[in-house]
Amino acid sequence: MEYFLIFIAAIFVNNIVLSQFLGICPFLGVSKKISTAAGMGLAVTFVLTVAVIVTYSLQKWVLDPYGLGYLQTILFILVIAGLVQMLEMVLKKVSPSLYQALGIFLPLITTNCCILGVSILVANATYNAQGLEPNLLTGVVYAFATSIGFALALIIFAGIREQLELTDLPKGMQGVPIALICAGLLAMAFMGFSGIKIG
């Protein structure tokens with residue numbers, strides 16, 4: 001039951017984009033089409049889940065025992081960059097259309113603060129674990145749920161933006177201004193979940 005609560009809280013109550021404001025660059029940049037947003041959501045889900053497993057293991061078995069905690073950020077960025085390079089090579093072979101659609105935003109996963117932020121939160125055990133002992137399993141559940149929440153917010157926002165393309169808007173509101181207004185309204189909608197008592 002506790003893992004289910006972590007899952008629900010990470011997706012809706014503490015959504016990484018709409019509540020904690022991490023990962024805004026891909027949220028605004030890749031959200032023009034639902035297909036591209038779904039591809040980015042899958043890419044972030046894969047990279048974030050694997051990155052948390054690797055970075056947590058490095059933190060607990062290399063950095064902490066040898067007193068190398070000051071190398072955490074640099075090491076985590078290198079791990080994430082390596083994972084993104086692997087993903088980029090796989091996507092280029094398996095789905096060239098998705099690779100082309102993601103374009104510049106695929107390498108930007110390397111510096112996506114959502115992935116680095118969640119990796120640091122899990123490694124330092126500073127995420128809300130609903131009273132569970134912070135360990136690799138709870139960290140992976142939290143990371144996977146967080147990436148699902150990221151993908152959900154991205155896909156919903158992409159759907160809204162696709163509909164906005166069909167709407168007759170004043171010239172001053174077209175493009176980025178209406179996108180930012182919709183992002184704010186979406187964040188306010190997700191704030192409604194914060195009233196739910198979890199745990």
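The side chain of N15 reaches the backbone oxygen of G149 at 3.0 Å. This is a polar contact, defined as a pair of N or O atoms within 3.5 Å; within protein, one must be able to donate a hydrogen and the other to accept it, and residues adjacent in sequence count only if both atoms are side-chain atoms. The model is predicted, so local features need pLDDT of at least 70 and side-chain atom pairs count only at pLDDT 80 or more, while totals for chains, interfaces and linings use all residues. Residues are numbered from 1 along each chain as its sequence is written, and side-chain values use heavy atoms, with hydrogens and water left out.

N15 lies in the loop between helix 1 (2-13) and helix 2 (24-29). Helices (H or I, at least four residues) are DSSP runs, numbered from the N terminus. N15 is buried, with a relative accessible area of 0%. Buried means under 20% relative accessible area, exposed means over 50%, and partly exposed lies in between (1.4 Å probe, protein chains only). Residues up to four places away in sequence aside, N15 touches A9, A10, Q20, G149, F150, A153 and F190. Contact here means heavy atoms within 4.5 Å. The C-alpha atoms of N15 and L75 are separated by 26 Å, and these residues are 60 apart along the chain.

F21 lies in the loop between helix 1 and helix 2. F21 is exposed, with a relative accessible area of 54%. Phi of F21 is near 55 degrees, a positive value in a residue other than glycine. Most residues other than glycine have a negative phi.

Helix 1 itself has L5, I6, A9, A10, I11 and V13 buried. These buried residues pack against helix 8 and helix 9 (176-191). The axes of helix 1 and helix 8 (residues 136-165) come within 7 Å and cross at roughly 35 degrees. Axes are lines fitted to C-alpha atoms, for helices over the stretch in contact, and angles run from 0 to 180 degrees between N-to-C directions. Helix 1 passes helix 8 in a right-handed crossing. A crossing is right-handed if the near helix is turned clockwise from the far one by less than a right angle, and left-handed if anticlockwise. From helix 1, the contact uses Y3, I6, F7, A10, I11 and F12; they meet L137, T138, V141, Y142, F144, A145, T146, I148, G149 and L152 in helix 8. By class, this contact has 13 nonpolar, three polar and no charged residues. Ala, Val, Leu, Ile, Met, Phe, Trp, Tyr, Cys and Pro count as nonpolar, Asp, Glu, Lys and Arg as charged, and the others, Gly among them, as polar.

Helix 8 also holds I156. I156 is partly exposed, with a relative accessible area of 31%. Apart from residues up to four places away in sequence, I156 touches L186 and F190. The C-alpha atoms of I156 and A183, 27 residues apart along the chain, are separated by 10.0 Å.

Helix 3 (residues 34-63) and helix 4 (residues 72-94) have axes that come within 9 Å and cross at roughly 145 degrees. Helix 3 passes helix 4 in a right-handed crossing. Helix 3 contributes A43, F46, V47, V50, A51, V54, T55, L58, Q59 and L63 to the contact, and helix 4 contributes Q72, L75, F76, V79, I80, L83, V84 and L87. The contact has 15 nonpolar, three polar and no charged residues.

T49 is found in helix 3. T49 is buried, with a relative accessible area of 14%. The side chain of T49 reaches the backbone oxygen of T45 at 2.8 Å. T49 also touches V140, F144 and S147, not counting residues up to four places away in sequence.

N112 sits in the loop between helix 6 (105-108) and helix 7 (113-123). N112 is buried, with a relative accessible area of 3%. A polar atom of the N112 side chain lies 3.0 Å from the backbone nitrogen of C114. With residues up to four places away in sequence left out, N112 touches G23, P26, V44 and F150.

The count of salt bridges comes to one. A salt bridge is a side-chain nitrogen of Lys or Arg within 4 Å of a carboxyl oxygen of Asp or Glu. The side chains of K60 and D64 form it (3.6 Å, N to O). K60 is partly exposed, with a relative accessible area of 30%. D64 is partly exposed, with a relative accessible area of 39%. Side chains of opposite charge can pair when their charged atoms come close.

Notes:
Helix = DSSP H or I, 4+ residues; strand = E, 2+ residues; numbered from the N terminus.
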